[in-house]
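Hi,

Here is the structure I promised to pass on. Have a look at it first, and then read my notes below.

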Amino acid sequence: MIAQDPPAYPPADALTSDGRVVQIREVDAADAEGLDALHRRAGAEQLRSRFFTSGEGGIDREVERLTRPASDEFAAIVALEHDQIIGVASYERHRVDRHRAEFAVFVDAARHGRGIGTLLLERLADLARHGGITYLSGDILASNLAMLKVMCGLSPDGLTPPTGSVVSAGLSTAWSERDLAHIAERDRLAEQHSLTPLLEPKTVAVVGAGRDSRGIGHRILRNIIDYGFTGEIYPIHPTAETVAGQPAYASFSELPGPVDLVVVAVPAAAVTAVVDAAGRAGAHAAVIISSGFSEAGDDGAAVQRELVHRARSHGMRLVGPNCLGLINTDARIRLAASFAAEIPRPGGLALASQSGAVGIAVLHHAAAAGIGVHSFVSLGNKADVSGNDLLAYWQNDPDCRAVCLYLESFGNPRKFAHVARSVAREKPVLAVKSGRSAGGRRAGASHTAAAAAPDVAVDALFAQAGVIRTDTLGELLDAARVVVDQPLPAGNRAAIVGNAGGINVLAADSAENAGLSIPRLSPRLSSRLDGIASGAASVDNPIDLGAAASPQALRSTVDELAASGEIDAIVMVFAATGTNDVPGSIAALSLAADGCDIPMAAVVLGMTDAPTVLGTRRVPVFDLPERAIAALGHAADYAAWRRAPRGRHVDLPGIDATAARDLVTRALIDGGGWLPPDRAAALLSAYGIPAIDGRIVTGASAAVEAAGELGYPVVLKAADPALVHKTERHAVHVDLRDAAAVRAAYDGIAIALADPGPAVLVQPMVKGTVEMAAGVVHDPLFGSLVLLGMGGVNTEVLDDRVFRLLPLTDVDATGMWRALRAAPLLTGYRGSAPVDIAALEDLILRLGRLAEDVPEIAELDLNPIIAGPEGVVAVDAKLRLAALGTEVDPVARLLRAP
């Protein structure tokens, strides 16, 4: 094993199980006094549990041990609350087995039961894993129930039966799927506790609410009062006795009771002092309306970082700054802490918007469309609370039936993927992510200081997490109208029925793009429909009942379709004219909607006062058929994702991760960059990724000798790993069948590269059914993405490729090749031999595991991969390594850096 430098561990904030904020960082020499105090606050029994002996005799030695410099042998981290050390954890590497270490944890007894020991051990395991340690072990007194409980929660299989009074405990530093699920659940519960004072406050203070009714602070206070907040309201004003009819208080110290939430609408320069004062008074959360922070440049960003630091030192959570505020329509809360002009009707949709203006637009259109809103949060600069936090909070809220997000940037997209996938298994998550175009990305980068993310990564993230991605806000709200109040479709079969034949045709035409099918109806069902509406123009699907269709014909036709079992969703189309019974028809469609148990949407034309919903089931009414079809298509796609197997992390035999890690470490010591073909092949081989054998040689004679050893026919290509488009550079020669051909090919490469003695790679010629490409690209924000596509010289021309984010499951591997437009070529097209699909999926999974274990792979191209009935094999591999920078951890239960 190659020795590694201890990994850097920057200070980070985290949530305890009760939702409070602690800081976790490495121990330094200046912590000696704090660590000594931590141990001396402990009782005799707690010290005995730590040192296996009574008394304080071991404290001095322990403090000395913990404060020595971190090294390849040792690491220690502390948890701090209000700048006081409240817990410490450490490991010492074993001298014999260098992949193992012994851990120790000590937490202030007054803080037991808050998950601090669990947090420390989670972070210690991550630190150890990055240092090359695979297993942590330790001894625990059988009487130390608190520590045994911690270990049971982290690694129940790692506890052994007691030997005398001691229990041996162990913890793998590589988290299993079960471990990750438990970590995510702990994170969700901590987030829920943390955000409860924000979204469900019992007391709200407003700072910056002057007596001028035109001021933002006054408007927010008035909205809170007028909407009927069920808790206590405290305006804070230095001189006023009342504001908006409410008794005012000069400072937080004069308040009659504690405060859950503080709304701050004062100039940016005064915000930090206000938050500091609120935190000292015990406030748990704040909404910062004020602007002039990171969106205003570097100076504002520095002030914003200090603001978050101050808030977290008091255990407060922040929304904003530079935001619109928040709304909770729950009858138990009724909080409108926002200066938005419209307060939506109560309902099941939760909304979060990074842009205040977009938030205003969404609230307005939601009100106009009759969409009921559960809660709304304007995130602004996302200095602290983000979409990830809100998703975790909304996940188990029974009154929240769907979540809509407008995003301009991701703070931790890998964590978003975990959280969103978990939420989407229970309720729909819809999102508009701006920045698809070059212009949009430029605008997003300047607005709220957002950093644009690669759109292909966003698409992959949303596809894997089950997020419904729409291109526009209108499309987002249309889809929300269906998924909030309608059941999910059981399939993609849709029926279109109404009295407007032309509109029916337009609806049918748009169905294919929406992923819906408009199936022919069975003769039996068509016959029954013909009997219901004898004057119908068509009783096939779409069903045109004619302009003069009666209300009863409309209702009966819908009833018959819904009960048939032949369709999964219905689009009802009604065009009002001067000759039909408009009120009766609307009433009939409403009754049909209420009697139907499959999803529906309606299109109503020719009515200036058309209803927004039909019936008590609140079937959404659209003004255009394409909108209704697109919304149902999104619902059907999401429902299909919900029905699909979740996938599993496949056990892949024959992987030598240790050899791969040592190879990567050596390469990085040598400077990284593009690996020579033999070292790239060795790394692929360590993960069982099939690649063709070859010889790197210099000179025509050596090439001929290598060809003879490998066996004709052979391929000759330039061995320079950084050379791209070798075919266009005349640096690849294939199907060479004798020595003369090899010599001529070598000379041709030398001329093409203007190099009299180039190094070349000699490989056996391989043929198959299809040429494919696969690879890995690493993004510091999103992590590694795995690519699969059609390969060879037409890779860019065909542009037929699919990306997925890590980790890959068996379902991902299958879905990747099935998503290719050329997928029929892989299964035997027009009599061609089918590709070994099992071998292809195995290659995809091994590529994903390699990328997972070796994130230092900056680029990996396997192109072409020859795929055929006998298997798959990569015949060309380009691999570049780069040391990792400071990257977000997708698993760590850490709050975003201020």
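Thr 203 sits opposite Glu 232, a residue of strand E9. The strand pair to look at here is E8 (residues 203-207) with E9, which run parallel and share five bridges. Two strands count as paired if DSSP finds at least two bridges between them. Helices (H or I, at least four residues) and strands (E, at least two) are DSSP runs, numbered from the N terminus.

Before going on, a word on the source: this is a predicted model, where local features need pLDDT of at least 70, side-chain atom pairs count only at pLDDT 80 or more, and totals for chains, interfaces and linings use all residues. Residues are numbered from 1 along each chain as its sequence is written, and side-chain values use heavy atoms, leaving out hydrogens and water.

Back to that pair: E8 and E9 belong to an open sheet of five strands with parallel pairing, in the order E9-E8-E12-E13-E14. Strand E9 (232-236) and strand E14 (317-319) are at the edges with a single partner strand each, so one side of each has no neighbour in the sheet. From one strand to the next, the twist averages 20 degrees. For angles in general, axes are lines fitted to C-alpha atoms (for helices over the stretch in contact), and angles run from 0 to 180 degrees between N-to-C directions.

There is also an open sheet of seven strands, ordered E1-E2-E3-E4-E5-E6-E7, with mixed pairing. Its edge strands are E1 (12-15) and E7 (166-172), each pairing on one side only. The twist here averages 25 degrees from one strand to the next. Within this sheet, E3 (residues 74-81) and E4 (residues 84-93) run antiparallel and are joined by eight bridges, and Ala 79 stands opposite Gly 87 in E4. Helix H1 (residues 32-40) packs on the sheet, touching E3, E4 and strand E5 (100-107), and its direction makes about 100 degrees with that of E4. Contact means heavy atoms within 4.5 Å. Helix H3 (residues 59-66) lies across E3, E4 and E5 too, at about 75 degrees to E4.

Now for two helix pairs. H10 (residues 356-369) and H15 (residues 473-485) pack at an angle of about 45 degrees, with their axes 11 Å apart. They are therefore oblique to each other (under 35 degrees counts as roughly parallel, over 145 as roughly antiparallel, 65 to 115 as roughly perpendicular and the rest as oblique). Val 358, Val 362, His 365, Ala 366 and Ala 369 of H10 make the contact with Leu 473, Leu 477 and Arg 481 of H15.

The other pair is H23 (residues 700-710) with H24 (residues 739-753), packed at about 140 degrees with axes 9 Å apart. H23 and H24 are therefore oblique as well. On the H23 side, Ala 700, Ser 701, Ala 703, Val 704 and Ala 707 meet Ala 739, Val 742, Arg 743 and Tyr 746 of H24.

How far can you trust all this? The average pLDDT (the predictor's confidence in each residue, from 0 to 100) is 90 for the protein, and 96% of the residues score at least 70. One stretch to watch is residues 437-453, where pLDDT stays under 50 and the model has 25 contacts beyond four places in sequence. Where pLDDT is low, the predicted coordinates should not be read in detail.

Cheers
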